[in-house]
Amino acid sequence: MGRVLKARFPELSCGGQGGHGQRSGIAQFGGTAPTAKPWKGLGPGVLEVVESHDGNADRAVYTVRFEKAVYVLHAFQKKSPSGIRTAKRDVDLIAERLKTAERDYEEHHGKQKR
């Protein structure tokens, strides 16, 4: 598989890249992390991995839609004031970064074959 856009997770309570980096590495080689689940709202190929540490929920969202690349779209600590729901700013940022990933992939690898 091709390149992975590296993500840094220094602000996460689990002490950084740790588990999330390992999970995106699994995706890079065509697998799916056991803790990955579909991210709702953006269609197939967008996954979320949740790591719990000291009562905090750290999340990483990545896409495996592309044949030659895995893109980490966002990593964040969930601090939603509404409980279960992810903050709108995080949801919007993920959607925006998916569009950016699509443009980047097309620029580096050509149009994605369907």
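How many residues lie between β3 and β4 in their hairpin, and which residue in the turn has a positive phi? The views below take up this question first. The model is predicted, so local features need pLDDT of at least 70 and side-chain atom pairs count only at pLDDT 80 or more, while totals for chains, interfaces and linings use all residues. Residues are numbered from 1 along each chain as its sequence is written, and side-chain values use heavy atoms, leaving out hydrogens and water.

**View 1. The hairpin of β3 and β4.** Strands (E, at least two residues) and helices (H or I, at least four) are DSSP runs numbered from the N terminus. Between β3 and β4 there are 2 residues, and D54 in the turn has a positive phi of about 50°. Strands β3 (residues 46-53) and β4 (residues 56-66) pair in the antiparallel sense over 8 bridges, where pairing requires that DSSP finds at least two bridges between two strands. Within this pair, L47 stands opposite Y62 of β4.

**View 2. The pairing of β2 with β3.** Strand β2 (residues 36-38) runs antiparallel to β3 and is joined to it by 3 bridges, and A36 has V49 in β3 as its bridge partner.

**View 3. The two faces of helix α2.** In α2, the residues D90, I94, L98, A101, D104 and Y105 are buried, meaning under 20% relative accessible area with a 1.4 Å probe and protein chains only, whereas exposed means over 50%. Seen down the axis of α2, its buried residues fall within an arc of 135° (taken from the directions from the helix axis to the C-beta atoms), so they line one face of the helix. The face turned away from this buried side carries the exposed residues K88, R89, E96, K99, R103 and E107.
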